[in-house]
Amino acid sequence: MTNKDHYSGLHTDFKEKMTYGDYLQLDSLLSSQNRLSGHHDEMLFIIIHQVSELWMKLMIHEIKGAIHSIKHDQFQPAFKQLSRVSKTQAQIIQAWDVLSTLTPSEYSEFRDSLGQASGFQSYQHRQLEFALGKKSDHILKIYAHDQALHEDLLTDYEKPSLYDEAIYALSRAGLSIDDDLLQRDITQSHTTSSSVLKAWQKVYQNTDQYWNLYQLAEKLVDLEDRHQQWRFRHLKTVERIIGLKSGTGGSKGVHYLKAILDEYFFPELWQLRTSL
């Protein structure tokens with residue numbers, strides 16, 4: 001068989017047909033890596049952050065789908081959606097390994113070109129945190145300059161999080177959850193609740209009876225575990241490249257990243273491991 005035979009049957013006339021590049025809008029996608037400094041290594045910096053934003057877009061899409069599924073007690077679709085998030089998290093964690101090839105000397109050559117732009121300002125990161133349950137109205141001030149974006153973020157901020165819906169599911173299953181928690185202000189981050197802890201303990205002690213909730217809990221632990229891995233790799237990459245300097249957006253850099261390592265989205269699911 002000749003090389004020509006391998007390509008027989010391939011479509012080659014695309015004057016009036018959609019191509020792969022058309023479908024993915026590659027012209028706009030691949031023309032969005034504009035180096036402000038012209039430095040060779042700025043291309044790495046831009047692409048890593050753009051790729052991470054694309055993965056975050058998928059994660060947000062899947063988490064919102066899981067929230068909808070759990071709200072309607074459709075656990076099997078939720079499990080698939082949350083498993084996809086975990087697989088995506090593995091990709092976004094590995095992105096730090098690529099960025100860590102950037103040395104302090106190389107980064108210093110183009111860092112000033114960023115101005116006050118910083119990953120801390122990523123609005124998709126805010127959407128992801130809101131969906132997982134970390135809420136802060138103070139952070140919304142960063143986006144006040146863009147009314148449409150601010151309104152979109154405010155909408156997400158005011159919606160129940162993934163963990164809120166998990167707690168509602170516990171209640172629907174007949175497990176005792178305090179009324180004040182079920183009616184709480186969902187624009188505030190969840191704080192540890194003894195009734196939620198006891199409910200999850202009962203789930204783990206009676207897995208056959210509460211199999212769907214047990215599976216859901218483990219999917220949530222997977223997400224938080226990998227998110228913490230992402231945070232840690234972020235911390236070490238930043239420390240490796242800029243040391244203890246402040247971030248370009250005014251954050252405290254490594255000091256801030258160390259502080260948030262102790263934050264949990266789903267605290268009771270970690271506490272029960274000690275109490276079981």
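**View 1. Packing of helices α4 and α5 in the predicted model.** Helix α4 (residues 42–71) and helix α5 (residues 75–99) pack at about 165°, their axes lying 9 Å apart; the two helices are therefore roughly antiparallel to each other. Angles over 145 degrees count as roughly antiparallel, under 35 as roughly parallel, 65 to 115 as roughly perpendicular and the rest as oblique. Axes are lines fitted to C-alpha atoms, for helices over the stretch in contact, with angles taken from 0 to 180 degrees between N-to-C directions. The crossing of α4 with α5 is left-handed, meaning that the near helix is turned anticlockwise from the far one by less than a right angle. Their contact comprises 18 nonpolar, 8 polar and 2 charged residues. Here Ala, Val, Leu, Ile, Met, Phe, Trp, Tyr, Cys and Pro count as nonpolar, Asp, Glu, Lys and Arg as charged, and the others, Gly among them, as polar. This is a predicted model, in which local features need pLDDT of at least 70 and side-chain atom pairs count only at pLDDT 80 or more, while totals for chains, interfaces and linings use all residues. Residues are numbered from 1 along each chain as its sequence is written, and side-chain values use heavy atoms, with hydrogens and water left out.

**View 2. Packing of helices α4 and α9.** Helix α4 and helix α9 (residues 162–172) pack at an angle of about 15°, with axes 9 Å apart, which makes α4 roughly parallel to α9. This crossing, too, is left-handed. Ile-63, Ala-66, Ile-67, Ile-70 and Lys-71 of α4 meet Leu-162, Glu-165, Ala-166, Ala-169 and Arg-172 of α9, contact meaning heavy atoms within 4.5 Å. By class, 7 of these residues are nonpolar, none polar and 3 charged.

View 3. The structure holds 12 aromatic pairs, among them the edge-to-face pair of Phe-45 and Phe-110, at 5.7 Å centre to centre and 65° between the planes. Rings of Phe, Tyr and Trp (its six-membered ring) pair if their centres lie within 6.5 Å; planes under 30 degrees apart count as stacked, over 60 as edge-to-face and the rest as tilted. Phe-45 lies in α4 and Phe-110 in the loop between α6 (104–108) and α7 (123–132), 65 residues apart.

View 4. Helix α12 (residues 211–242) has 32 residues and spans 46 Å from first to last C-alpha, close to the expected 46 Å, which is 1.5 Å times one less than the number of residues. Gly-243 follows α12 with a positive phi, near 65°. The protein has 14 helices and 0 strands, defined as DSSP runs (H or I, at least four residues, for helices; E, at least two, for strands) numbered from the N terminus.
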